[in-house]
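Please look over the structure below, then read the briefing that follows. The points are grouped by topic.

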Amino acid sequence: MHFHRSRHGQRILSSEITSREVYDSRRDWLKGAGALGLVGLGVSGLSGEAQAQTAGPGKLPKLPGARSSVAGATVMEKLTAYKDVTSYNNFYEFGTDKSDPAENAHTLKPRPWSVVIEGECAKPGRYGLDDLLKVAAMEERVYRLRCVEGWSMVIPWVGYSLSELLKKAEPTGKAKYVEFTTLADKAQMPGVRSNVLDWPYVEGLRIDEAMHPLTLMAFGLYGEVLPNQNGAPLRLVVPWKYGFKSAKSIVKIRFVEKQPVSSWTKAAQQEYGFFSNVNPQVDHPRWSQATERRIGEDGLFAKRRATLMFNGYEAQVGQLYAGMDLKKNF
């Protein structure tokens with residue numbers, strides 16, 4: 001019997017974190033991965049113990065990932081249920097209600113797919129999805145997700161550090177920021193027909209943020225490929241920032257010299273700053289950020305959780321902002 005320790009020092013049984021059925025079906029998982037062509041795409045040769053330890057309902061192709069050795073990449077907290085992760089979403093390209101993405105995203109076609117990498121780099125190019133899957137070995141990362149709206153989740157993602165992809169483009173010394181552009185297709189995305197935002201959705205990071213090992217290019221969650229409503233076929237996950245910084249369904253990555261204008265910053269600069277680091281001391285103009293509601297803990301007597309600085313990743317990323325006024329640079 002294996003034990004883990006939480007960040008509070010409590011002993012937690014492995015069975016409380018890992019689904020028993022995953023342990024019992026590792027051989028089937030590997031066989032399934034081979035049938036789907038995933039063996040060889042950065043995940044071949046992994047032992048059973050190295051496979052991702054969480055799995056979805058089996059509705060989508062499996063995407064196994066090795067346990068990550070990146071500091072802070074595995075949060076020992078109760079996972080948010082797959083049903084909640086895939087039915088409670090902000091993805092305005094499919095509607096503004098939380099249930100809209102799950103109801104409407106069936107129209108998204110995640111294949112064929114390609115991502116253009118351009119701008120201040122020596123090796124720009126276009127990468128097909130199969131090429132992107134081969135860039136680096138897939139890892140499972142269990143991250144907290146904190147929404148600017150005051151709710152949170154804990155999600156087991158599958159992917160690799162974004163830096164693995166960015167390094168292939170060989171950014172030049174002029175590359176100070178990385179801009180991400182997402183798909184905006186009215187035929188596939190009914191929400192793009194509205195004027196709720198200025199489409200396409202654009203996000204940006206400083207290059208040192210983008211190169212940080214915790215910044216994830218995700219291709220799956222719960223051991224399966226990404227559901228459409230969660231940003232298929234690939235999305236950004238920046239765990240120490242509010243969720244809207246993690247662009248979904250990315251089609252372009254551009255290295256730039258000047259700070260990009262993010263979509264939400266463009267829409268309401270006084271409410272959504274460029275950095276958008278999780279900071280419980282900086283309230284949204286219309287609500288406090290000191291606490292959060294963990295999805296799945298919605299009972300009558302459920303208490304709100306205290307929001308953690310940098311969403312609990314301060315030890316890993318705090319040095320990126322040394323000397324900065326984090327209230328001014330929100």
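The charged end of Lys245 lies over the ring of Phe274, 4.3 Å from the ring's centre; a charge sits over a ring if NZ of Lys or CZ of Arg is within 6 Å of the ring centre and within 35 degrees of the ring normal. This is a predicted model, in which local features need pLDDT of at least 70 and side-chain atom pairs count only at pLDDT 80 or more, while totals for chains, interfaces and linings use all residues. Residues are numbered from 1 along each chain as its sequence is written, and side-chain values use heavy atoms, with hydrogens and water left out.

**The protein as a whole**

- The secondary structure consists of ten helices and 15 strands; helices (H or I, at least four residues) and strands (E, at least two) are DSSP runs, numbered from the N terminus.
- Of the 330 residues in the protein, 54% are buried; buried means under 20% relative accessible area, exposed means over 50%, and partly exposed lies in between (1.4 Å probe, protein chains only).
- Among the contacts with a separation of 6 or more, 70% are between residues 24 or more positions apart; a contact means heavy atoms within 4.5 Å.
- The protein has an accessible surface of about 15,200 Å², and carbon and sulfur atoms account for 50% of that area. Accessible areas come from the Shrake-Rupley method with a 1.4 Å probe, and for residues only the protein chains shown count as cover.

**Aromatic rings**

- A pair of aromatic rings is described by the distance of the centres and the angle of the planes.
- There are twelve aromatic pairs in the structure; rings of Phe, Tyr and Trp (its six-membered ring) pair if their centres lie within 6.5 Å, and planes under 30 degrees apart count as stacked, over 60 as edge-to-face and the rest as tilted.
- Phe91 and Phe94 form an edge-to-face pair, because their ring centres are 4.9 Å apart and their planes stand at 85°.
- Phe91 is buried at 3% relative accessibility, and Phe94 is buried with a relative accessible area of 1%.
- Phe244 and Tyr272 also pair edge-to-face, because their ring centres are 5.5 Å apart and their planes are at 80°.
- Phe244 is in the loop between β12 (235-237) and β13 (250-256), and Tyr272 is in the loop between α9 (263-267) and β14 (291-294), so this pair ties together parts that are 28 residues apart in sequence.
- Phe244 is buried, with a relative accessible area of 13%, and Tyr272 is buried, with 8%.
- Tyr177, Phe274, Phe275, Phe310 and Tyr321 are linked into a cluster by ring pairs.
- The charged end of Lys248 sits over the ring of Phe91, 5.3 Å from the centre of that ring.

**Cis peptide bonds**

- Arg111 and Pro112 are joined by a cis peptide bond with omega of about -5°. Pro112 is in the loop between α5 (100-104) and β4 (114-119).
- Ala232 and Pro233 are joined by a cis peptide bond, and omega is about -5°. Pro233 is in the loop between β11 (224-225) and β12.

**Positive phi angles**

- Glu170 is not a glycine, and its phi has a positive value near 55°. Glu170 lies in the loop between α7 (162-169) and β8 (177-182), and it is partly exposed, with a relative accessible area of 37%.
- Tyr222 has a positive phi of about 50°, although it is not a glycine. Tyr222 lies in the loop between β10 (216-221) and β11, and it counts as buried at 8% relative accessibility.
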